[in-house]
Amino acid sequence: MTKDIDLSVDLCGLRLDNPVVPASGTFGFGKEFKDFYDINILGSFSFKGTTREARYGNPTPRIAECGAEGMINAVGLQNSGIDAVIERELPEMAKYFHKPVIANISGFSVEEYAECCEKIDRQPQVGLIEVNVSCPNVRHGGMSFGTDPEAAAEVTRAVKAVTTKPVFIKLSPNVTDIVAIARACEEAGADGICLINTLLGMRIDLKRRRPVVANVMGGFSGPAVFPVAVRMVYQVRKACRVPVMGCGGVATARDVIEMMMAGATAVQVGAMNLKNPYACKEIIEALPGEMKRLGISRLRDIIGVVE
């Protein structure tokens, strides 16, 4: 670490050694990545999106490449269910990750969100709860809660009523007015906002004349969405008092700094983990040098500096 360079940030009382957080759905429970490097260098990570019941996800194929711009995925919240995560995944994770983790919770009803969040809130390894009201890859739930201010607020109120730890609501960019939804969540008691989740995209197999992914559409992520994410982080940070976790197309240390200048307190890295398992490690290692070049001694001093 470069002398006199401070990467640490504070996220609702949760101190992170640095702001770099692998995004849910791209890092599992860290199990696969721990063999590449010591994942304890991360600020934290958001583990695989979890629902009440186990889910097998969408039919295959689920992935469509989009060249250098990114990828489309329609995994569909495949997971083992909240009870299995608590009984098996978290005890196993405690053996190799020794920092508070971010729990990503999804649901298909307000009651399911509340039940899952209440259970995960009791787990000592969890430092923060990320409520995903923005998954574009499932029907009858997911994004439907995140595209209406009142629906998002209803989930927020229900979750906050049964939890003690900070709650961040992860929002969808597939809306007309991101600020209205963020404000509704803040007024309902959200401790923070995470944005953006994936954009809704589609690719077509020209020979088959059919969609590439079986779900027809899926979540588009990767470097192409970064300017959209920066814009929405900036808008929400200016309109709300609660902290923001920025996410969407982050690929480099300079992207992290740009996202923080727009208003993010922490920055999630998603699709790049799937392309390069060392992505977060490389970003963390590059941050001090970029900070020095830009005359930044403490990352927390640049949060939201752009007027």
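Let's start with S106, in the loop between β6 (101-105) and α2 (110-121). When I say helix or strand, I mean DSSP runs, H or I of at least four residues for helices and E of at least two for strands, numbered from the N terminus. Bear in mind that this is a predicted model: local features need pLDDT of at least 70, side-chain atom pairs count only at pLDDT 80 or more, and totals for chains, interfaces and linings use all residues. Residues are numbered from 1 along each chain as its sequence is written, and side-chain values use heavy atoms, with hydrogens and water left out.

So, is S106 buried or exposed? S106 counts as buried because its relative accessibility is 1%. The scale here is buried under 20% relative accessible area, exposed over 50%, and partly exposed in between, with a 1.4 Å probe and protein chains only. Its side chain makes a polar contact with the side chain of N132, at 3.3 Å. A polar contact is a pair of N or O atoms within 3.5 Å; within protein, one must be able to donate a hydrogen and the other to accept it, and residues adjacent in sequence count only if both atoms are side-chain atoms. Setting aside neighbours within four places in sequence, S106 is in contact with T50, T51, L77, E112, Y113 and N132, where contact means heavy atoms within 4.5 Å.

T51 comes up again with N79. You'll find N79 in the loop between β5 and α1 (82-93), and N79 is buried as well, with a relative accessible area of 9%. The side chains of N79 and T51 are joined by a polar contact of 2.9 Å. Again ignoring neighbours within four places in sequence, N79 is in contact with K48, G49, T50, T51, E53, A54 and R55.

Next, β14, residues 244-247. Which residues point which way? V244 and G246 go one way, M245 and C247 go the other, and all are buried. In a regular strand the side chains alternate between the two faces of the sheet. Strand β9 (192-195) pairs with β14 in the parallel sense over 3 bridges, and pairing needs at least two DSSP bridges between two strands. There, L195 sits opposite G246. β14 also pairs in the parallel sense with β15 (264-269), over 4 bridges, with V244 opposite A264.

A229 is in helix α5 (226-239) and counts as buried, at 0% relative accessibility. Beyond four places in sequence, A229 is in contact with I196, C247, G248 and M259.

Now an open sheet: 4 strands, in the order β4-β5-β13-β10, with antiparallel pairing. Why does one side of β4 (63-65) and of β10 (199-201) lack a neighbour in the sheet? They stand at the edges with a single partner strand each, so one side of each is left without a neighbour there. The β10 and β13 (218-221) pair has 3 bridges, as does the antiparallel pair of β5 (71-73) and β13.

On to packing. The largest nonpolar core has 90 residues, and I120 and V131 have the most contacts inside it. A nonpolar core here is a set of buried Ala, Val, Leu, Ile, Met, Phe, Trp, Tyr and Cys residues joined through side-chain atoms within 4.5 Å. A second, separate core has 7 residues, including A64, I72, L199 and V225. Back to V131: leaving out residues up to four places away in sequence, V131 touches I105, Y113, C117, V155, V159, V167, F168, I169 and K170.

Last stop, K275, in helix α7 (271-275). With 66% relative accessibility, K275 counts as exposed. K275 and G222 are 53 residues apart in sequence and 9.8 Å apart in space, C-alpha to C-alpha.
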